[in-house]
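Good morning, and thank you for coming.

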Amino acid sequence: MAFNLLNKDIDTLTCPALVVFSKSSSQKDKLAKVTHSEIHKALLPSLEEKTISGKHQETVVFREFSFKGFRHVIVVGLGKENEITHESVRQSMASAYEAIKALNVTEAAVHFDGITAGKKDAADFAKATAEGLILTSYVFNELMSGKKETKEINVHVVSKMGNDKAVKAAFNEGAILGSVVNFSRRLGDLPGNLMTPTILADSAVEGAKGIANLKVTVWDKARIKKEKMGGLLGVSNGSDQEPRFIIMEYKGAAASKKPVCFVGKGLTFDCGGISIKPGAGMEEMKYDMCGGANVIGTLLAIAKLKLKVNAVGLVASTENLINGSATKPGDVHTARNGKTFEVNNTDAEGRLILADALSYATELQPQMIVDAATLTGAMVIALGNTHTGYFTRNSALKTKVEKAAVESGEWVWNMPLTDFHVKDMKGTYADLSNISSGKGAGSATAAAFLEQFVGEGIPWAHFDIAGTGWAVGNRLPYCPKKGASGAMIRTFVEIAKQYT
């Protein structure tokens, strides 16, 4: 898809399709309003018949409507005027894009001024418009031998405020975020044989090419061993594929300013190891690297947006498979910070590779650390695929996370982390066990394990995206139905902004 922001009067354009919007009334018996006044008058019969109700995401297509220079007209519902948010705009743009695509046209115009008449919300809605259109345009079909060439659709977002500095900047930011999220989605959607730790590292290097002040360093197995990353090395021993440790460094502020650090789990495929997973649904374990993919996307976005912050992204990447060298239940490994852990379940491997990454992050003495991981099935049971659960004991960072999530439109939920959870992770023959000694609270005890590898006094938050990393399209129309979502990239960028 190609799209742009045009500073024009919508009525001066000629285009195969025009998208306008409708808003429902807060008064029960009052008709909905179409945001283009002339089209509103022309569609009064449809409004009176309630064919157009203004309900959020309602899509009504009028083929061969022949309004001025437009052949077809699409009316997309925004809901009640006082309830329109940047997230509802993002979702409505998904409906608009799908309707444009269904018309089989190559060009369309979107009447942006119909969404908001004033400048108050214009920048936020412009950003959401760009995000919604680009995110919805994502399709992963490159592995289909008989795939049809995707027809490029040119979408013009038309506004009389198109030359406003704040609106233009917000629109461009939305375009960057949307494209970066799609980049990370593709990494998640590629199957395990085409997305190994080496390919993930190479993808990070390739994605960073040409971006100012962004450097990518990749450690191979020999270097990982030399750096005493026993968790990452131990998990990787069951695979013929070598592990990789990816370091992305962005310098956007003075060298004296401490960085913000993002850590991601990059399990490119996880069968569970000797504690093997059930066969049903195991193919989805290619998505076990979405935390790592989304950290890569976060660093790309921060660098492309030229935020005035120093940021580091760390991704520990391996497969978790079974061979004669695989870690056995009961084996003990030593993490980079010297702490030992018993591997009492080889399917609780993500926390082991994150332990080394968090230890390394601590050595950088950052302003804060956040990590993202598809870590526990318990989180899926607790929150489903609507909210990302996060854990932190730092109240200031909690405030930043909540503010960032409001700005991004992504839903998060603060989960409990206590000393009781830490106690549950004590080992019998080593400092720690990688699974809890008690029942329940599987996500909290996993977070408690990770906490042992974060330096004292460093603000830290753990995001468990097991429920939101993929297959959220039934909730968010701008996400693929089954594919990777790119969860938390937008929120992580908003967190980084708070440290500029």
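**Salt bridges, cavity and surface patch**

The model is predicted, so local features need pLDDT of at least 70 and side-chain atom pairs count only at pLDDT 80 or more, while totals for chains, interfaces and linings use all residues. Residues are numbered from 1 along each chain as its sequence is written, and side-chain values use heavy atoms, with hydrogens and water left out.

Let me begin with Glu-87 and Arg-90, whose side chains form a salt bridge at 2.4 Å, N to O. Both residues belong to helix H3 (residues 86–102), three residues apart, about one turn of the helix. Helices here are DSSP runs (H or I, at least four residues), as are strands (E, at least two), numbered from the N terminus. Are these two partners buried or exposed? Glu-87 is buried at 12% relative accessible area, and Arg-90 is buried at 2%. Buried means under 20% relative accessible area, exposed over 50%, and partly exposed in between, with a 1.4 Å probe and protein chains only.

The next pair is Arg-336 with Glu-227, a salt bridge of 2.9 Å, N to O. This pair links distant parts of the chain, 109 residues apart: Arg-336 sits in the loop between strand E12 (331–334) and strand E13 (340–343), and Glu-227 in the loop between helix H7 (221–226) and helix H8 (230–236). Arg-336 is buried, with a relative accessible area of 17%, and Glu-227 is buried, with a value of 17%.

A cavity is a set of points on a 1 Å grid over the protein atoms alone where a 1.4 Å probe fits but cannot get out, and lining residues have an atom within 4 Å of a point. The largest cavity has a volume of about 80 Å³. It is lined by 13 residues, and the closest to its centre are Gly-234, Val-235, Asn-320, Thr-327 and Thr-346.

Lastly, the surface. Ile-274, Ile-276 and Ile-322 form a nonpolar patch with about 260 Å² of accessible area together. Such patches take residues with over 30% relative accessible area and no salt bridge, joining like charges within 9 Å and nonpolar side chains (Val, Leu, Ile, Met, Phe, Trp, Tyr) within 5 Å. Accessible areas come from the Shrake-Rupley method with a 1.4 Å probe, and for residues only the protein chains shown count as cover. Ile-274 itself is partly exposed at 37%.

Note on methods
Salt bridge = Lys/Arg side-chain N within 4 Å of Asp/Glu carboxyl O. 1 Å grid on protein atoms, 1.4 Å probe; cavity = no way out; pocket = protein on both sides within 12 Å on 5 of 7 lines; lining within 4 Å. Points joined across faces, edges and corners; volume = space filled by probe spheres on them.
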